[in-house]
Amino acid sequence: MSAVSLLGEIADIGRDRPRGGYSRHAFDGREAELRAWFVERAVRSGLEVETDRNGNLWAWWGRPGPGSVVTDSHLDSVPGGGAFDGPLGVTCALDAVKSLRDSEFRPGRPIAVVVFMEEEGGRFGVPCLGSRLLTGSLAADRARALRDPEGVSPAEAAARAGLNPDQFGRDDIALSKVGTFVELHVEQGRGLIDLGSPIAVGSTVTEHGRWRFSFIGQGNHAGATPMSDRRDPMLPAASLIAAARRTAARVDGARATVGRLVPRPGGTNVIASSVDVWLDARVAGHNRTRPVVEEIAAAVRSAAGEEGCEVTVTEEAYTGAVAFDAGLRGQLNGVLGGVPELPTGAGHDAGILAAHVPSGMLYVRNPTGISHAPEEFAEDADVERGAEALAEVLRDLST
Ligand code: GLV
Ligand code: MN
Ligand code: MN
C-alpha cells in the first residue's frame with residue numbers, strides 16, 4: 001500500500017472533464033466516495049476511524065488521548081484542481097502509518113491521520129472549514145450561515161451525509177488530544193525545484209484572506225439601453241480586477257487575484273443587475289493584507305460611484321501570518337538530516353492548528369511548479385521520499 005499506488009486508486013474519482021483536473025468538494029458525491037475510500041483503507045490497516053463533530057475523519061493507531069501525534073491533509077479540491085493538493089498528504093500518511101505498523105516499531109504515543117473537511121473552501125467559500133470549526137476560529141453559527149452556489153448550507157450538506165450539524169463548533173475534546181501536528185503537502189510553487197531537493201520543512205505561511213465584492217446596478221437590455229443610461233455593475237467589477245493587479249504589483253510581497261466572478265442573471269444580451277466578485281489577497285509580513293484590500297476597495301468604490309452602482313465588501317475569511325513552531329521545525333530537520341526550510345504563500349490546515357498546538361509541515365517537490373491546476377505533479381520517487389520522511393517523523397515524534 002504505497003502512497004503512489006494509493007494515489008492510483010483514487011485517480012478516477014472526481015475528474016472534471018469540462019474543466020480538466022479534479023473537482024471534489026465537501027460532502028459532494030466525489031468527496032463522499034473519497035471519504036469512504038479513506039475509511040476502508042484505514043480500517044484495512046488496522047486503524048480505528050471516527051468522525052468528529054465537524055465532519056473531520058480521524059484514523060487512530062492506539063487509544064485516542066492527549067499528547068497524540070497527528071498528521072493530516074484533505075480530499076477536497078479547488079474547482080478543476082490537481083491530483084496532489086490534499087491527496088498526497090493523505091496517501092503518504094496512510095503509507096507511513098502502514099509501514100511503521102508493519103515494522104517492529106510500537107509508538108509510545110497514539111498516532112492519528114486526519115482528513116479535514118473543505119480545506120479549499122471550494123464549495124462553501126471559507127477555506128480550512130473543518131479545522132477552523134474544530135479550533136473555534138470560525139464560530140459554528142457563521143459556518144451554518146454559509147451557502148454553496150445552489151444555496152445549500154454546510155449544515156444541510158453534512159446532515160445529508162449523515163452527520164449532526166447541531167454539533168458543529170469548537171471541539172476541545174478532539175483538540176486536547178493533539179500533542180504535535182504535522183502536515184505533508186505537495187509544494188505549490190517552484191521552491192523545491194530551485195533548491196534541487198525532493199522535500200522541505202515548512203517555515204511560514206503568508207497572511208491571507210478572501211473578500212467578496214457585491215456590485216448592484218440596473219439590469220437592462222443590451223441593445224435598447226444607450227451607453228449613457230447604463231448602471232452596469234460589470235464596470236466596477238472590471239475595475240476590481242485591474243486595481244488588484246495594479247496595487248499588488250506596487251506593494252512588496254503582495255499577491256492579489258480575482259479568480260471568480262458571478263454576474264446575475266448572466267446573459268450575453270443582458271446588462272447584469274448585479275455581480276459578485278471574489279478577491280484573494282495575501283501579503284508577506286504582519287497586518288499588511290487588510291490595508292492592501294482597503295486600497296483596492298477605495299479604487300473600486302470610486303469606479304462604482306462613477307457608474308451609479310452600489311458596492312458592498314465582505315471579508316469572508318482571514319488568516320494571519322503563521323510561523324511554524326521553531327522547536328518542531330528543528331526536530332523535523334534533525335530527523336530528516338538537514339533538508340531546506342521553505343515559506344509558502346498557500347494556506348493549510350496546519351496553519352490553523354498552529355495557533356493551538358506545535359505544528360509543522362513537510363513539502364514534496366512539484367516539478368511543474370504549478371498548483372490549483374491540472375498540471376500540478378509529483379514524481380513517484382519524490383512521493384515515496386515524502387512518505388518515508390513522514391514515517392521517520394512520526395516514528396521520532398511518537399517515541
Ligand atoms: C489553498 O491551497 C490556498 O492557499 O488557498
Ligand atoms: Mn490548495
Ligand atoms: Mn491543500
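1. A word on terms to begin with: donors here are N, O and S atoms within 2.8 Å of the metal, and water is not among the atoms, so sites may look incomplete. Please keep in mind, too, that this is a predicted model. With that in hand, the manganese ion (ligand 2) is coordinated by D85 (OD), by E120 through two OE entries, and by H372 (NE2), at 2.0 to 2.7 Å. Along the chain, these donors follow the spacing D-x34-E-x251-H.

2. It is worth looking at where two of those residues come from. E120 sits in the loop between β4 (111–116) and α4 (129–135), and H372 in the loop between β15 (359–364) and α13 (380–397); the pair links distant parts of the chain, 252 residues apart. H372, at 37%, counts as partly exposed.

3. Now the other metal. The manganese ion (ligand 3) has H74 (NE2), D85 (OD) and H185 (NE2) as its protein donors, lying 2.1 to 2.2 Å from it. In sequence, the spacing reads H-x10-D-x99-H. H74 belongs to strand β3 (residues 68–74) and H185 to strand β5 (residues 178–186), so this pair ties together parts that are 111 residues apart in sequence. Both histidines, H74 and H185, are buried.

4. On to the domains. The protein chain is divided into domain 1 (3–206 + 321–397) and domain 2 (207–319). Their centres, taken over C-alpha atoms, are separated by 32 Å. The contact draws 15 residues from domain 1 and 14 residues from domain 2. Between them the domains bury about 1,000 Å², with 46% of it on carbon and sulfur atoms. On the domain 1 side, R132, T206 and A321 supply 44% of the area buried against domain 2, more than any other three residues.

5. Next, an open sheet of four strands, in the order β9-β11-β7-β12 with antiparallel pairing. β9 (254–264) and β12 (310–319) each have a single partner strand, so one side of each is left without a neighbour in the sheet. From one strand to the next, the twist averages 15°. β9 and strand β11 (residues 274–283) are joined by ten bridges, and L261 stands opposite V277 in β11.

6. Two helices pack on that sheet. Helix α9 (residues 234–250) touches β7 (207–216), β9 and β11, and its direction makes about 170° with that of β9. Helix α10 (residues 289–306) touches β7, β9, β11 and β12, and its direction makes about 15° with that of β7.

7. Lastly, a hairpin. Strand β1 (residues 48–51) and strand β2 (residues 57–61) run antiparallel and are joined by four bridges. E50 has W58 in β2 as its bridge partner. Five residues lie between the two strands, and G55 in the turn has a positive phi of about 80°.

Key:
Residues numbered from 1 in each chain as written. Chains lettered and ligands numbered in written order. Predicted model: local features only at pLDDT ≥ 70, side-chain atom pairs only at ≥ 80, totals over all residues. Heavy atoms only, no water. Pairing = 2+ DSSP bridges. Donors = N, O, S within 2.8 Å, 3.2 Å for Na, K, Ca; no water. Buried < 20%, exposed > 50% of the residue type's maximum accessible area, 1.4 Å probe, protein only. Axes fitted to C-alpha atoms, helices over the stretch in contact; angles between N-to-C directions. Contact = heavy atoms within 4.5 Å. Domains from an automatic or database assignment. Buried area = accessible area lost by both parts, 1.4 Å probe.
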